[in-house]
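Visitor: Good morning. Could you take me through this protein, one topic at a time?

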Amino acid sequence: MPDAPHARALTPTDASDHGDRTHTSGELRESDAGQTVVLKGWVDTRRNFGGLQFIDLRDRYGLTQLVFSPEIDADLADLAEKLRGEDVISVRGEVRVRERKNPDMATGDVEVYVSDLDVLAVSDTPPFVVSAGDPKSTQAGDELRLTYRYLDLRKPALQKNLLLRSKLYQSVRRYFADRDFVEVETPVLMKSTPEGARDYLVPSRVHPGQFYALPQSPQTYKQILMVAGMDRYVQITKCFRDEDLRADRQPEFTQIDVEMTFATEEGVYALVEGLIADVWRDTRGIEIETPFPHVTYAEALRRYGSDKPDLRFGMEIADVSGAVEGSGFTVFDSILDAGGAVVAIRVEGEGDRGRKPMDKLDKDVVRKQIGAGGLFYAKLPSDGSEFSQSVKDEVFGRDRMQAVIDAVGAEAGDLVLVLAGPQPTVFEQMGSLRLHMARETGLVPEGADGPWRFLWVTDFPLLEYSEDDGRYYAMHHPFTSPAPEDMGKLDSAPGEVRARAYDLVLNGSEVGGGSIRIHRADVQRRMFDLLGISDEEAERRFGFLLDALRYGAPPHGGIALGLDRLVMLLTGATSLRDVIAFPKTQQATELMSSAPAAVDPEQLAELHIETTAAPPDVDTTQPLSADPT
């Protein structure tokens, strides 16, 4: 906790007579020498050198070194000695060229000799170091930083992220305005139409027992805007999903929402690729090569074990089932007989690994983390000597393993990793192992320096079947159009129907997803039927959309891009919390304001609500009223 307010014989003034600041703390250069300037900001650091007081003044634009000299004003130098970090001051002084220039500061060629100082606010001792130049500023725990988020946000690294985010907003709006898109705000209070993630519900005071939902997406509204003839819609919008959190997910998030009439997949691809190129150029000064490559969903799983593959490295998966078929090795034979597969990857330069790290890889990664049955491997020593394998030669012949080595193109110094299991699970497990090995061997660069490997993943299945629920679910959402050539399979083989859906992937992260929509009411009803939604339920939940589709709905499609995730990738941040001003924790709490929180009983009564859960500050030993009135 911070210290109690301290008395340092500093009396802050309510208003400075310096007037407006003339420059920011990141603006002054050698060409400004001789000018009298007014600067305002926070005390970052203070140093005392033989009576001279040096203070780095900080604002969001940078740092400027201030000099308080007893030769100019001894009382002023004494006052400056009382200043501490995070005090807010206003100064007037002369810009001079520094004798010892600091090449690490944008303003490092100059300093300001202060002739007048006003203290505007005196700070308590912060609960953690805020100073931009102090290495201890990164040592505070996440909980403390989020509780005092206003202090954390003073740090240049976080401010830089938010400034880039602001540039991204401007770039997006310019791009779509230049292409005749209209920005329309859709409702934040809407009808609950749950299909997938949980809704956040908002009780209605004037309609007892009824609820609004916060939008998981403006999906139905933007489709209706197309029916209404708006033609090209865009919105940078807040969305909400009540689901478990992780580093790249928040309960409220921002997306760039786009919809167009008479859209084709190729039109959407070209539009988004142009947007990405503009955003990267405007925010980072980086030229992105277009068009982006395409890969089908089935091919992505086969080659990379993921529907969001990271293309910054190779290590593609090879199906080596043919090379090991009939080998007599019971593990492989039984899996292949059951319709499974044996797959392998080549890890370059790792052929000299010892037995101990390989055992650890098998036990801790393959079995515990990935959930595979076990790891098989061959090591090809860098000296060119014969390979060794994890299975005894008499159990799995060397000629068979040589066929596997040849299939993945391994050479001296390489490591070949092999997994066996049911399909498609074994491909997904190998995809996870592929990513692990890439990180472990340094193939995945850290930070925000690229390379930037964009990819369109296409031809997703329209539906996925849940054995637990005994029903189909929409892989994207229930408004995605089936591929025209697969329409005949909707009744006979729904699991084989492909969707006109597409995802945009960057460096192993999904950054956007969209589709060409169903624009015919009869097809939409068939889709609801496949999902086990009765006609009555469809009318109750989606009747407004079905009605709209009956009145001349044009073909349409679009995409939603995750703005938070784009900023995270652009900045090299490792968590969404570093690119959102006031994020939630993994428990969906906002620590600074202590949200969510209990509300007064009177508020609940107005909403006709009684809760069965005791708020944290309620004595839980006392029973709650069971009277619903």
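**Charged pairs, cores and annotated sites**

Guide: Let us begin with a charged pair: the side chains of aspartate 522 and arginine 520 meet in a salt bridge, at 2.7 Å from N to O. Please keep in mind that this is a predicted model.

Visitor: Are those two residues, aspartate 522 and arginine 520, buried or partly exposed?

Guide: Aspartate 522 is partly exposed, because its relative accessible area of 40% falls between the limits of 20% and 50%. Arginine 520 is also partly exposed, with a relative accessible area of 42%.

Visitor: Which residues do salt bridges with shared partners join into one network?

Guide: That network consists of Asp142, Arg145, Arg149, Asp152, Lys155, Arg577 and Asp578.

Visitor: And how many salt bridges does the count come to?

Guide: The count comes to 47 salt bridges. One of them is formed by aspartate 142 with arginine 577, whose closest N and O atoms are 3.1 Å apart.

Visitor: Where do aspartate 142 and arginine 577 lie?

Guide: Aspartate 142 is in helix α2 (residues 142-147), while arginine 577 is in the loop between α16 (563-571) and α17 (601-606). The pair therefore ties together parts that are 435 residues apart in sequence. Aspartate 142 is partly exposed at 39% relative accessible area, and arginine 577 counts as partly exposed at 23%.

Visitor: Why can such side chains pair at all?

Guide: Side chains of opposite charge can pair when their charged atoms come close.

Visitor: Which helix holds both glutamate 299 and arginine 303?

Guide: Both lie in helix α7 (residues 297-304), four residues apart, which is about one turn of the helix. Glutamate 299 is partly exposed, with a relative accessible area of 25%.

Visitor: New topic. How many residues has the largest nonpolar core?

Guide: The largest nonpolar core has 43 residues. Leu168, Phe176, Ile256, Ile276, Trp280, Phe454 and Leu504 have the most contacts inside it. Helix α6 (residues 265-284) gives the most to this core, namely eight residues.

Visitor: What is isoleucine 276 in contact with?

Guide: Leaving aside neighbours within four places in sequence, isoleucine 276 is in contact with Ile288, Phe292, Phe454, Leu504 and Leu566.

Visitor: Where does UniProt place the feature "binding site"?

Guide: The unreviewed UniProt entry places it at Glu195, Arg241, His476 and Arg517.

Visitor: Let us take arginine 241, then. Where is it found?

Guide: Arginine 241 is found in the loop between β9 (232-240) and β10 (252-261). Arginine 241 is partly exposed, with a relative accessible area of 28%. Setting aside neighbours within four places in sequence, its contacts are Ala197, Arg198, Tyr200, Gln216, Pro251 and Phe253.

Visitor: And which side chain makes a polar contact with that of arginine 517?

Guide: The side chain of serine 515 does, at 2.8 Å. Serine 515 belongs to strand β21 (residues 509-516).

Visitor: Is serine 515 buried or exposed?

Guide: Serine 515 counts as buried, because its relative accessibility of 1% is under 20%. Not counting residues up to four places away in sequence, serine 515 touches His477, Thr480, Arg500, Ala501, Tyr502, Gly557 and Gly558.

Definitions and conventions. Residues numbered from 1 in each chain as written. Predicted model: local features only at pLDDT ≥ 70, side-chain atom pairs only at ≥ 80, totals over all residues. Heavy atoms only, no water. UniProt positions renumbered as here; feature names shortened; annotations may be inferred. Helix = DSSP H or I, 4+ residues; strand = E, 2+ residues; numbered from the N terminus. Buried < 20%, exposed > 50% of the residue type's maximum accessible area, 1.4 Å probe, protein only. Contact = heavy atoms within 4.5 Å. Polar contact = N/O pair within 3.5 Å; in protein donor to acceptor, adjacent residues only side chain to side chain. Core = buried A, V, L, I, M, F, W, Y, C linked by side-chain atoms within 4.5 Å. Salt bridge = Lys/Arg side-chain N within 4 Å of Asp/Glu carboxyl O.
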